[in-house]
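Here are my notes for anyone opening this one for the first time. Have the view ready and go through the points in turn.

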Amino acid sequence: MIRRTLFAGVALLALGALAPAKADIRIATAGPITGNYASFGAQLKAGAEQAVADINARGGVLGQKLVLEVGDDACDPKQAVSVANDFAAKGVKLVAGHFCSGSSIPASKVYAEEGILQISPASTNPKYTDEGSWNTFRTCGRDDQQGVVAGKFIAREFKDRKVAILHDNSAYGKGLADETRKALNAAGMKETLYSPYTPGEKDYSALVSRLKQAGVTVIYVGGYHTETGLIMRQAKQQGLNPTIIGGDALVTNEYWQITGDTGEGTMMTFPSDPRTRPTAAAVVKEFKAKGIDPEGYVLYTYAAVQIWAEAAQKAGTTDPKKVAAVLKANGPWESVLGKIAYNKKGDPVESDYVVYRWHAGSYGEM
C-alpha cells in the first residue's frame, strides 16, 4: 500500500513537470530606435518598458506576466512592414507603436491580417484610423485637430506677416502641413510660399535663399526636429531671423541640441503637458527616479499599454479582436493621460492641442 501510494505520488509529480507553465503574454513597441529620429524611439521604448514593469508588479494581465518586444522601423515604411511580420511570428497581442505615420499605416495592414491590436502613441495622420481596420487605435490626437490649432494661431498672431509652409513629403509632415494650410486659408490668410524639402540633407541654404527672396518671416514646418533645427540654424546664418512654428515632432530636447540658442522662440503644437497632469504624478516620479524625463510621447506609450491591459482584464481575454471591441464599447479608460474614450474609428473622443514655445533650452505651454 505504501509503495502504491509512493508510485502514485511520483506519477503526479511527473505529470506536473510535463504540464505547460502558464504562458507569458507578448506585447511590443516599435519606432525609430536608430536613425535621425531615434530620440522618439527612445521615448516609446521608455514608456512601454515602465508600463510593463508596473503592470507585472501588480500581477500582470489575467494572472500572466507581460514580455516586451522592441522593433526598430527607423521610420521607414518597408522596415515597418518587416517589423510587423516579425511581431506576428512571435505571437504579439498588442503593438504600442509605431511613431511615424508613414510606418504605422502600412504596418497596421499587416496587424489587421495577423490579428494584432495596434495603439499608436504618436501617429497623427488621419489616414491611420480613417483607412484603418478593427485594430487601429491611438492615444494621441490627429493632424486635422492639430493643424486647425496651428492655422488659426498663425492667422491670428501673424496676420500682417509673410508665411511659408514647408513639408518633408512624409505622411506625417505633409499631412500636418496640408491641414495647417487648410485652416490658415479658411481663416482668410494665404501663405506666400508652399514648398517641400528633402529630409535627411545637411544643407538647406538654397531653400533659405528662396524664403529670403520671398520676404518670408514666419515659417511653418511640417516635419521632424532634425531638419527643422537645421533650417532654423541656416536661416540665422544667412541673416534671416524667422519665427519657426512646427508640430508635435519638435517636442524633444534633441531639438535644442541641434539649434542651440538659435532655437529660442520656436513654437509648436502639442497636447497640454502630460507630465503635469495629476493622473501622471506617480509614474512621472518613477521615471525621474531613474533619471528619465518623460517628455514627448513617453507617457502616451505608457497609456497605450495601460489602456490595453485594462481592456483585456475587462474582456477576460487577450484575444485582440475582443479587446478592440471592448475598447470601443466601454470607457472612458483611466490612464496616466487622464480619461480616454474611443470613437468607432479608434480615435480619442477629445484632444487638447495647445501652443508651446522653446525658451532657454526647454519648452512650455504659452
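1. A word on labels before we start: helices (H or I, at least four residues) and strands (E, at least two) are DSSP runs, numbered from the N terminus. His98, for instance, sits in the loop between β3 and α4. The peptide bond that joins Gly97 to His98 is cis, with omega about 0°.

2. Some ground rules. This is a predicted model, where local features need pLDDT of at least 70 and side-chain atom pairs count only at pLDDT 80 or more, while totals for chains, interfaces and linings use all residues. Residues are numbered from 1 along each chain as its sequence is written, and side-chain values use heavy atoms, with hydrogens and water left out.

3. Look at the sheet next. It is open and parallel, built from five strands in the order β2-β1-β3-β4-β5; two strands count as paired if DSSP finds at least two bridges between them. At the edges are β2 (66-72) and β5 (136-138), each pairing on one side only. On average, neighbouring strands are turned by 25° against each other, direction ignored. Angles here run from 0 to 180 degrees between N-to-C directions, and the axes are lines fitted to C-alpha atoms, for helices over the stretch in contact.

4. What packs on this sheet? Helix α2 (residues 38-57) does, touching β1 (25-31), β2 and β3 (94-97). The direction of α2 makes about 175° with that of β2. Contact, by the way, means heavy atoms within 4.5 Å. Helix α13 (residues 320-329) lies across β4 and β5, at about 45° to β4. Strand β4 (residues 117-120) is itself joined to β5 by three bridges, and Ser120 has Arg138 in β5 as its bridge partner.

5. Now the inside. A nonpolar core is a set of buried Ala, Val, Leu, Ile, Met, Phe, Trp, Tyr and Cys residues joined through side-chain atoms within 4.5 Å. Buried means under 20% relative accessible area, exposed over 50%, and partly exposed in between (1.4 Å probe, protein chains only). The largest core has 96 residues, of which Phe99, Leu211, Tyr297, Trp308 and Leu327 touch the most other members. Helix α12 (residues 298-315) gives the most to this core, 12 residues. There is also a second, separate core of 12 residues, with Ala28, Val83, Phe87 and Ile116 among them.

6. Pick out Leu211 if you want a closer look. Setting aside neighbours within four places in sequence, Leu211 is in contact with residues including Ala164, Leu193, Ile219 and Leu240.

7. How many disulfides are there? Taking a disulfide as a pair of cysteine sulfur atoms within 2.5 Å, the count is one. Cys75 and Cys100 form it, with their sulfur atoms 1.8 Å apart. The link is right-handed, with 75° about the S-S bond. Cys75 is in the loop between β2 and α3 (77-89) and Cys100 in the loop between β3 and α4 (101-114), 25 residues apart. Cys75 counts as buried because its relative accessibility is 16%, and Cys100 is buried at 5%. Cys140 is in no disulfide; the nearest cysteine sulfur, that of Cys100, is 12 Å away.

8. Last, a few backbone spots to check. Cys75 has a positive phi of about 60° although it is not a glycine. Leu62, in the loop between α2 and β2, has a positive phi near 55°. The bond from Gly331 to Pro332 is cis, with omega near 5°.
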